[in-house]
Amino acid sequence: MSYAKPKVAHPAIAKNELGYTRRDYEGSISTLCAGCGHDSISAALIQACYELDLPPHQVAKISGIGCSSKTPTYFLGASHGFNSVHGRMPSVVTGANIANKDLVYVGVSGDGDTASIGFGQFSHIVRRRLNMLYMVENNGVYGLTKGQFSATADFGSASKGGVPNPYDQIDLIQMALQLGATYVARGFSGDKKQLVPLIKGALSHPGFALIDCISPCVTFNNHEGSTRSYEYVREHDVPVVTADYVPYAKTIKVDYEPGTGTSVKMHDGSMLNLHKLEEDYDPYDRKKAINYLLDCQEQGKIATGMLYVNPDVTDFHDILETVDEPLSSLSYDRLNPGADALESINASFR
Amino acid sequence: MPDLKSVNELVLRFANVNGSGSASANSLVAKSFFRMGLPVGPKNIFPSNIQGLPTWYEIRVSEKGYTGRRGSVDVMVAMNSQTFQQDVADLVTGGYLLYDSTKPINPHGRREDINYIGIPLTQIAVSKYEQARHRQLFKNVIYAGALSALLDIEFDVLCDLLGEQFKGRDKIIESNIDALQTGYDYARRYYDCPLPVRVERRELVGDRILVDGNSAVGLGAVYAGATVAGWYPITPSTSVIDAYTKYAAKLRTDETSGRKLFGIAQAEDELAAIGMVIGANWNGARAFTATSGPGISLMSEFLGLAYYAEIPVVLVDVQRCGPSTGMPTRTQQSDLMACAYASHGDSRHVLLLPATPDECFEFSMLSFDLAERLQTPVILVSDLDLGMNDSVSKPMTVAPDYVWDRGKVADYEMLENGFEFYRYLDIDEDGIPYRTYPGTHPTKGAFFTRGSGHNKYGGYTEKGPEYKENMERLLGKFSTAATLVPEPVIEDKGRPDAVLYFGTTLEPMVEAIDELNQQGYALDQIRLRGFPFSEEVWAFINRHDRVLVVEQNRDAQMRSMLMIEGDIDPARLISVTQYDGMPVTAEFLVTAITGHLSDDPAVSQRLSA
């Protein structure tokens, strides 16, 4: 069930540059468990879109199936949303994006939806360089079916019943790096300060952006022995590079120690200021990033933050060589080759 | 030996090795008959293989206009030693065997009731050409030249066709014509040309065209304004997308920018292909995909979503021989039920059943209009025979006043002017609600699309009555669909018995009906062109005592669908099936139909009266 929230706002409430209040970016009341990490991610998405001054109706939310995939109902109620088929969000968002390149695409998926049933589609959407934010709300467990391990659960981590996971984990970040993603970040739903700028950067990135967001399942994966519990993630989180998102034409506020920062100019002129917390980490070096992540994995650490970014990207429409206008906006007059052309095609078959 | 003599009535078959370059020489011969004003029906009978396996190409020429398969062969060009014995056996008594006489043929199985025309093709090719590939390719052109002399195919017609095919490449044209001439001269020198079986120019094709159904479907999608295709390669549907790609590139590239007014994505599998189509249609573009049986199986879950969430989808199914991988390069009509009832739960889909290339074009365009009008998947059910073989067809045309039908879409103006939008509300009582495209209006018209339970307002529900109300409306929408699909083609002269058929059974049925009439069996006819079945279909069936349901699958799927949908007494629906993977022949139809009818004493009585 989902419930609508009252749309009454105090006249003095803050508005963004488009005149929308934060409330305008909210959705229905969540029906997830109290304390679910996914709700924090929805809140971060709301804040990011509000602060980015995105018109809510210019965002399309598309998801697969599962707890995570239910969340598009809980943010951006004025946007069209599509809760599709298990593991197949990438293909639906691909079609939607080909049809209309002008909308902002937020794909929401979970670890089962992406790393198991949808692993094939995940791989191929990265290869297609689709301009979108792909948000994985990763809790390492199947919640709706009551606690089975997912493919992102760490080897050896314990289920709620105490059984250790006998399989190696799939690290979506490493996969995305291998497949050529140009914006790769890992967030933690318990660290909104880190997450919101990562989302803003991803939404401004003109190509494929993955955020693998660790999002503990309070009901089935928040116990001792789990490596996806709030406690475990807080203890083992290694924020590698934090990001501050600075919109275009705003003063760049530097709030990191001199000598450790670097800025990425995004396609739309906005800046992503990166603050290196690990001295040797280079968020522009794909190979090093992969090696670093492998090391972290061995040491049981969870590297979070802006792990890799390359602002020079091609998007799927560059590959397809489509016209600037959205294909969905073309009139029949522009699409119809006309009767003369048809007659000459007929003639070619005589 | 009885003399086989005929003018403009013949079956010519080529037996070749796959990958030997015979296809272009064989289709050159087929097209030359057409250029001489003769109705022609070429069938490519090819293996699932790139090189080495046997392949056949059969051309029916018929002044009477019978372009379906007849059965048996009059003239055989036997170029494949692997199948030689069988190819010899397939000839009619008095038929002609053109073979490569470079090596003596095996005397075993030699028939005395056929005519042998030996031409030392390999020897000629080896003496004329240096390169091995040239020797192989020109051998095919040499036999085409010999056929020109033997069957009286106008030599200039062949030369013109080569000139068009290789336009601007004069050297290639020259060498091909030289090879043709070599074969022509040899045949004239050593045999009495033309043979008693031959052709002669007529004016019987008028403005008709010779085209494959897949090209017509792909071109139809261009003319329907489709801008998005998501697809995965599979025989025999690949050439639908090839045609769309070719024509869209030619006709839909922005002249100033050179950018494309279409986007084609080769997907990782059929699931992704249909997912893309659903996403694009949801977002306001006309999108389609093409596949074959295995793809239908994979797309089933998504088809259920599109049915239930009411998203337009155009899906072309070019059927091949199932089940499983089956015989992937052979034809069948065996996906009917898989298409009509694809996906779990109560779901059913609109089908269009073309029988000719011009219907492929027309129905391809129509499928987009119907999908958007009905907000549901529309499956264009073609088959390998129609899709991949050339057929003589009426030209492809678009009505001058054609306007695309985008269906019920609430746009910015409607929403701004107070249109009260609820996604699944049936305000027109035709079962079809309004939809909005994403991004239309800042504050109005947004909705959440889901495959989970929803009520008429578009909200999530787990309440039985709300769920049921919506499911009942979908049934109502399906009734609306029955009024919008193409009506059947009927010939009803009040006879007690009738034949019911659809798709590629049309070609041989025309010939079979004439033959049956001559034998004294008079039957009414109905050719189905769409599903759900319209009132006209039920009225026709109910007017007849018995209806012979002819179809190209083992399990009589169309008959089952008639029983399921119309509650027809099974005893009145007599099944005639042919499903060996080859296009149906007129010979088969006549035998099968008379077999059923003459079992019945009432029919025998009518015949004797």
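**Close-ups of a two-chain predicted model**

**View 1. Where chain A meets chain B.** In this predicted model, 48 residues of chain A touch 57 residues of chain B. The largest share comes from α3(A), with eight residues.

**View 2. Strands pairing across the two chains.** Here β2(A) lines up with β17 of chain B, residues 448-450. The two strands run parallel and are joined over three bridges. Look for N83(A), which sits opposite R450(B) of β17(B).

**View 3. Helix α7 of chain B.** Is this helix buried or exposed? Eleven of the eleven residues in α7(B), 213-223, are buried, so the helix is largely enclosed by the rest of the structure. Among them are N214(B), S215(B), V217(B), L219(B) and Y223(B). After the helix comes G225(B), with a positive phi near 85 degrees.

**View 4. Chain A on its own.** Chain A carries twelve helices and twelve strands. Its radius of gyration is 21 Å, close to the 20 Å from the globule rule for 350 residues, so chain A is as compact as a globular protein of that length. Along the principal axes, its C-alpha atoms fill a box of roughly 75 × 50 × 45 Å. Of the 350 residues, 55% count as buried. As for contacts with a separation of 6 or more, 72% of those in chain A link residues 24 or more positions apart.

Definitions and conventions
Residues are numbered from 1 along each chain as its sequence is written. Chains are lettered from A and ligands numbered from 1 in the order in which they are written. This is a predicted model: local features need pLDDT of at least 70, side-chain atom pairs count only at pLDDT 80 or more; totals for chains, interfaces and linings use all residues. A residue is buried if 20 or more other C-beta atoms lie within 10 Å of its own, exposed if 12 or fewer, and partly exposed in between; C-beta atoms are placed from the backbone. Helices (H or I, at least four residues) and strands (E, at least two) are DSSP runs, numbered from the N terminus. The radius of gyration is taken over C-alpha atoms; the globule rule is 2.2 Å times the number of residues to the power 0.38. Two residues are in contact if their C-beta atoms, placed from the backbone, lie within 7 Å. Two strands pair if DSSP finds at least two bridges between them.
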